[in-house]
Amino acid sequence: MSQTRTLYRLQKLDLELESRRARVREVTAALEDNRACQEARAQVTALEDRLRPQETRAADLNLEIKTVAEQTKQLNARLYGGTVNNPKELEDIQHKIAERQRRHAALEDALLETMIAVEELQEALHTARAHLQAVEEQWAAAQTTLKAELERLKSEVRRLKADRQQLEQTISSEYLALYQNLRARKNGYAIAVLEGDSCSICGVGQTTATVQQVRQGLELITCESCGRILIAL
Ligand SMILES: [Zn+2]
């Protein structure tokens, strides 16, 4: 095989290696990116933090309602029990009962409002927890797939590196140096295929003499415009 054809094979290997390595970087980044889970978990925590004080408030209101109801019951017992006969005192008890009843109504209103808030938050929390579970399941499945892909990519990179090493040994150091230099400057594409009489990368037509020399493949010819090594397939 001519040196330029060997270099062309080397370029193919290098491009494959580069694409595998780029994918390794992507997969590694994806494996570390669990933002969706974190956001879903944060949403659950935020709702739990809002729900807790409302539940406490509902419990407190229930307790106070019971206390007020008990007080009203006792006041009614005194009012109708026959032990109090003093009109001033009876009137005073009636006032207290009326006051307890107003308090009871206000507490019931507050409790109703709180229970509505609790129910809304519980519903939102239920949805948020289901979402978190779905996101975590997706994440776990994606992890499995990505880890398998990463293993495959790593083994492909190892194989390509070994192939490259082997191929490199068959190329003269002069050609290799030129290739590496061009590769660095030409975004990985040191070698261009001759298509008709034009360079396939920059598209510039080559002279008849150049085209002939490239076809003969005896020496290393570069594109007259972009400077890449030309190869005829
Ligand atoms: Zn060119």
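Predicted model: local features only at pLDDT ≥ 70, side-chain atom pairs only at ≥ 80, totals over all residues.

**Entry 1: contacts of Ile229.** Leaving out residues up to four places away in sequence, I found that Ile229 touches Thr4, Leu7, Leu182, Ala190, Ile191, Leu220 and Thr222.

**Entry 2: the core.** Next I asked which residues touch the most other members of the largest nonpolar core. They are Leu7, Ile191, Ile229, Leu230 and Ile231, out of 15 residues in that core. I then checked which elements give two or more residues to this core, and they turned out to be α1 (3-32), α4 (173-185), β1 (191-195) and β3 (229-231). Leu7 and Ile191 were already in my notes, as contacts of Ile229.

**Entry 3: the sheet.** What is the order of the strands in the open sheet? I read β2-β1-β3, so I wrote down 3 strands with mixed pairing. The edge strands are β2 (198-199) and β3, each pairing on one side only.

**Entry 4: β1 with β3.** These two strands run parallel and are joined by 3 bridges.

**Entry 5: β1 with β2.** Parallel or antiparallel here? The pairing is antiparallel, over 2 bridges. Leu194 has Cys199 in β2 as its bridge partner. The hairpin of β1 and β2 has 2 residues between the strands, and I noted that Gly196 in this hairpin takes a positive phi near 65 degrees.

**Entry 6: Arg215.** I found this residue in helix α5 (residues 208-216). Buried, exposed or partly exposed? Arg215 counts as partly exposed because it has 14 C-beta neighbours inside 10 Å, and a buried residue would need 20 or more, an exposed one 12 or fewer. I also took the C-alpha to C-alpha distance from Arg215 to Leu230: 9.3 Å in space, with the two 15 residues apart in sequence.

**Entry 7: the domains.** Last, I stepped back to the whole chain, which is divided into domain 1 (34-168) and domain 2 (173-231). How many Å separate their centres? Taken over C-alpha atoms, the centres of domain 1 and domain 2 are 70 Å apart.

Methods:
Residues numbered from 1 in each chain as written. Domains from an automatic or database assignment. Core = buried A, V, L, I, M, F, W, Y, C linked by C-beta atoms within 7 Å. Helix = DSSP H or I, 4+ residues; strand = E, 2+ residues; numbered from the N terminus. Contact = placed C-beta atoms within 7 Å.
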